[in-house]
Amino acid sequence: MSEKHKEPRRAELLKQLREEHHETVERTKALLKTQKEIRRQICQATREAPKSVPEIAEATGLPAGDILWYLTAMRKYGDVIETGMCGEYYLYQRVEEAKK
Amino acid sequence: MPKKANHGDEPRIAVYICYCGGNISDVVQCEQVAKALSQQPNVVITRTNMSMCSDAAQAMVEEDIRKLSVNRVVIGACAPALHEQTFRGTVSRAGLNPYFYHHVGLREQASWVHHDDSSGATEKAIRLMMAGIAKARLLEPLEPIKLDAKQHALIIGGGVAGLRSAWDIARRGIKVSLIEKSPFLGGHMAQLESVFPTGESARALLGKLIEKVVSHPNITVYTSAELVGVKGYVGDFQVQIRQQSRGISDDIAEAALQAPLPEVPDEFNYGLTQRKLIYRAYPGAYPAAPAVDWYNCPDGHLEVEINGQFVILENAPKTFDLDVGAILVASGFRPSEPRYGEYGYGELPEVITLPQLIRLLALQKSGDKLIWNGHPVNNVAMIHCVGSRQIEGIHEPQPDGQVNNYCSRVCCTATLQAANELHKRFPHIHIFDIYEDIRTYGRGHEDYYIEASFNKVRFLRFHVDEMPTVIHASKGEQRPVLVQVKDYLTKGQEIEVPVDLVVLAVGMMPNPIDDIIRMLKVSPGTDRFLLEVHPKLRPVETAVPGIVLAGTAQGPMNIQESCAAASAAAAKVAVLLGQGRVELEPFIARVDPDRCTGSGQCVEVCCYQDAITMETVSSNGHKIRRAVVTPANCAGCGVCVSVCPNRAIDIQGWTLDQYEAMVDAIAADLPEMEAMA
Amino acid sequence: MAEGMTQVDVIVVGGGIAGMQTALDLANQGYQVALVEQEASIGGKMIMLSKVFPTLDCCSCITTPKMSAVAHHENIRLMTYSDIQSIHENGEGFVAEILMKPRYVDEDTCTGCRQCEYACPIDLPAKFDLNLGAHRAIRVPFSTAVPQKAVLDIDNCLFCGKCEQVCPVNAINFAQRAECSKIEARAIILATGFELTPTDAKQEYGAGQLPNVVNALVMERLLAPTGPYGHVLRPGDGKEPSSIAYVQCAGSRDKTLGVEYCSRICCMYAIKQAMLLSGALPLADITIYYMDIRTFGKGYEQFYQNAKAMGIEFIKGKVARITEDEDHNPVVRVELIDEGSQVVERAHDLVVLSVGMLPAYDPQPKYRVSLDKRDGFVYVPSPNLSPCLTDRPGIFVTGTAAGPMDIVDSIMLAGAAAAEAAAYLRAYPDTQGIDTVREAVHA
Amino acid sequence: MSKPSKILIIATLSGGYAGADSVGQLHTDYAANTYILPCLSPAVFPEDFYLRAFERGIDAIIIMYSGTDSPYKGDTERVAKIINNVYPLMTKKGIDTRRLRLTAICTVCTKPFLKEVRQMNEVLGVIGPIERELGALQVEGRS
């Protein structure tokens, strides 16, 4: 019985929380937007072929250290894999592309 | 009765292979092992995991046991010594008898020793796991043997570590008997003047500790006493102690010290002075009564004139037994003795050791000149790492053929402390400190190094393959000795230092305790110090249950570290004995009365008193003879097993049937591997 | 006894290796222990390490069983994600007010399945990986965490509710509030641990601004099998380094930083890491710049000699400055003392600063124990005979709260603290140890 | 392709087994055809245990007991006696006695451990697999 009754209350509570934590939500939303954009750029850069951190950095114009951080996160949560090595650098690609 | 009567059920075995965070999986192809095992009869689940010992993995095992009605568990991981107990606990939490667990070592005995043979290591892992599964099918539920523990500990050694652990154990409500080989308590700490890093008086600190120990109602101290025999096991050791006579009654004690007697080198001052055959180690020593030096009285008696009367003092050693639950070894160290000729030691009278310098400074309490060998001392060289950090092929080995390849930990700070003391009392003395690395690592120790630099101690740094030399100066030189050093602090210059005194910072070696090692069956490590089970998992325990280590018997330590180790050992003794009960592994002999025909061969070969006896029992109205095991007396060696003509006797948990099944599993072919080949 | 008051024999503050070991050593004697840890998991710094010297055991294999034993012990009450708010004496001992921070996850129902973590859209720098990797706003702290329960970072939450939707056991609870509880204990053991000397403190070493100059704990994470990259890569651009240098005494024995003491562990961890690196990157050149090599523990000198035999380069010299070239390769300016004291500049792919130890926590305000004026760690009035006694009766100190030390020494001192506390609990009047504490030191 | 030979090592927990762990701690490589079974003391095994193992297809057995370091009383002599009994039984069955070796290994005997393994493999290189000697005998478990 509870599940159906809970749903609206849950949604209500979340709404209330979002209001309470307005600043956090705004800040985090902005961060998420940036993250999504960078992830998109990384995916785009590696669409054709797997690339290394400096290559992705050059393609996106973002600092190499940041690219490595995003790749590390994407790898941890299963969006990106390593496909091999080129010289002293590992190559990365989105899981979907790599499986093709 | 075990928790569940699940031993009669058909075995349902869960098998796990640990990656050990790559330690195993880098070499052994764990997934392949798992695949090969999954088809084995009775195996209901096979899994691999990054770290089986993690909480999550243990929870997984528990869940598998419950959900899949698993009644046997086999895990291939690191050495059983590390984690067998962990996983016995895991299966126990899931309601299974802990002895339904079998552990297979795949790290120390496979992945770590077959780096270049991944397929060989994998095949080996499969076979070892198959053997484990074969044994698991035949496992039986066992119950640990519960024994009463004597709330009484024996401590061997009356130095600071022994004293400190005695006090801790006694305060915990456990009786302590402390035996000290020499006639006086205190060990090497008594020979120090001030202790780093506080500068407190060593003997004052020690005196307070001794006072606490000897006045504690739970502690009995036996000086001039040695361990001569040990029987029994954890919780119930019977130890035999032999104690020499003190030799002198209290009423004549002071007069005896005045008596005219031959003299021998005084070990308290490392031979710098002489003492009589009746002596007190140092003023304020405990016990206060003087002792007779029986070692130097060959026949065990000494004729002496006391108060104008001739008396004959006799050594009448007495031997007595104690029942103790645990034994703590705090047998301590001795300063390493330089080889004759090492940096001129023994050849040149101007070469002494650091412990000797400390006594020399204590003996020369007054005066503005330090006198050695009749001459005032103006230049002193101190050389580090003598008898420590030795390298095979560069240093001459010790008499036993080994080099001391370890760092002795205390000598750097002790040397700089002595250098600063020299500077403070004799500011005119030039000090040259000759070293490889300065290791003032402890809290407050670096201050001694900083202070020494401030005191203008001149540091010279040598390379181990270009060791300094100490030679006699040619005639007419102002200083009797020359120290030659290739000094890398001044671009590798060859420097000659003329000195009046050379001080060798000698390291530590364990006291020679071969007899104790033999009696207690404990093991020394390659550095000759006693070996702990594992430096992090079980740092103060030996491989023998109930025998623990404290202080420099285990390795070089300073006073603070010795006390910490002593207290840690005391905590372990309190864990063992504090509750008055010890639980032992149930790995002892067991007789199958249906198979036993009463041949009595087992009794003949057994070396343990009353471990196995022949008894007459009634069976169907007939009186028959059968072997009976007394669990507390059985050591589990299995000598009885191999002589039984009827296979009527076995060691619980290690049965012959289990071994044969394991051998068969190892000998069998691996269908999968063949297919691959 | 007041309502809601739990009684134990000892409160152990801090769930690192020292705190865990001392709790176990007391609990195994039958004493009741409350172990209070501010983080969401116990394990402290040790669980972050790769392998441990000198045995090269997998660190997790030594730590996780102890974590597990603490969690399962019938005599230990484990309180993670909890802060001690105040301590006061009540005549018989101490009363601690403890604040359990909200996880926003019901600890009893969470199974640690991490579905919430996968559902959460926001990536945040992961503290456990020293910000090299990411975790989500809701996550299980790390793979071997104890307890294996999720925790939500409310300050970086979108309140999107995705975690709530996917949780199979309805464990997410946004309405959770901090809970206060009181624990009464006869004795307290401080095991509050250490922090690293900050790398940005040293201007000469790039003030923390050089991307390919890292501290040694970062290298531990890079070497750990659970590490962020899965390989040893330099954080600046993901390059696999072929030349790695260690700068010893970076933040120890350094008057300019106010840290004049030796941190005791850095020589050994540098040598250990160098050995592990030569296993992970067989072709890499590894150099250790040092002042004195201090491998003083049992088996440590032999470890050092093995490292030399393996071809690791040990160079005696004080590194004066670290800069970088145009490819962000760190350049080390060093006086080579064994080469006639010439000053050279050498470029490496990655430089590791062997940073030292600072106290992690100042217990003075709450616990009213003194700190040592010289080093800032907890003051121990009689360090030789009573290395765990503070200057306040009933409060003991162990592990790196009592000064820099390695794991072996921490475990030893943890046993000592347990013995000291047990004796204190048993014999109340005999509390002040061997010394009447102050006389010898303050005289 | 010939099957790799198998060396069974029976090692005491207080001696050879701990010694093998020490070898592991040192990361020293040796041949992987070594199967180490721990025991409290090899005194538990009667003569026929060894013969049976050979008949099942084990090519060699090294018993690493604790010798004078044994934590047990009297087992060392017992083991020596049993093994002395096994040799003539092996000869009788046509099994080369070099396939069975008794040696004392302690917890830090890493070099002797490696030497024993190496030497036994050298012996096996000379005398070949056990099947050859068992000849007409049906090797059980290897059908």
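Guide: Gladly! Please keep in mind that this is a predicted model.

Visitor: Why is B:Ile495 called buried?
Guide: Buried means under 20% relative accessible area. B:Ile495 has 14% relative accessibility, so B:Ile495 counts as buried.

Visitor: Where is B:Ile495 placed, and which residues is B:Ile495 in contact with beyond its neighbours within four places in sequence?
Guide: B:Ile495 sits in strand β30 of chain B, residues 493-499. Leaving those neighbours aside, its contacts are B:Arg458, B:Leu460, B:Val483, B:Gln484, B:Val485, B:Asp487 and B:Thr490.

Visitor: How far from B:Val73 is B:Ile495, in sequence and in space?
Guide: The two are 422 residues apart in sequence, and their C-alpha atoms are 68 Å apart.

Visitor: Which residues of helix α7 in chain C are buried, and what do they pack against?
Guide: In this helix, residues 300-309, the buried ones are C:Tyr300, C:Glu301, C:Gln302, C:Phe303, C:Tyr304 and C:Ala307. They pack against α6 (266-280), β18 (285-290), β19 (313-316) and α9 (407-426) of chain C. After α7(C) comes C:Gly311, with a positive phi near 100°.

Visitor: What makes up the lining of the largest cavity, by class?
Guide: Twelve nonpolar residues, two polar and no charged ones. Among the 14 lining residues, B:Cys606, B:Ala611, B:Cys634, B:Cys637 and B:Cys640 lie nearest the centre.

How values were computed:
Residues are numbered from 1 along each chain as its sequence is written. Chains are lettered from A and ligands numbered from 1 in the order in which they are written. This is a predicted model: local features need pLDDT of at least 70, side-chain atom pairs count only at pLDDT 80 or more; totals for chains, interfaces and linings use all residues. Side-chain values use heavy atoms; hydrogens and water are left out. Buried means under 20% relative accessible area, exposed over 50%, partly exposed in between (1.4 Å probe, protein chains only). Helices (H or I, at least four residues) and strands (E, at least two) are DSSP runs, numbered from the N terminus. Contact means heavy atoms within 4.5 Å. On a 1 Å grid over the protein atoms alone, a cavity is a set of points where a 1.4 Å probe fits but cannot get out, and a pocket is an open set with protein on both sides within 12 Å along at least five of seven lines; lining residues have an atom within 4 Å of a point. Ala, Val, Leu, Ile, Met, Phe, Trp, Tyr, Cys and Pro count as nonpolar, Asp, Glu, Lys and Arg as charged, and the others, Gly among them, as polar.
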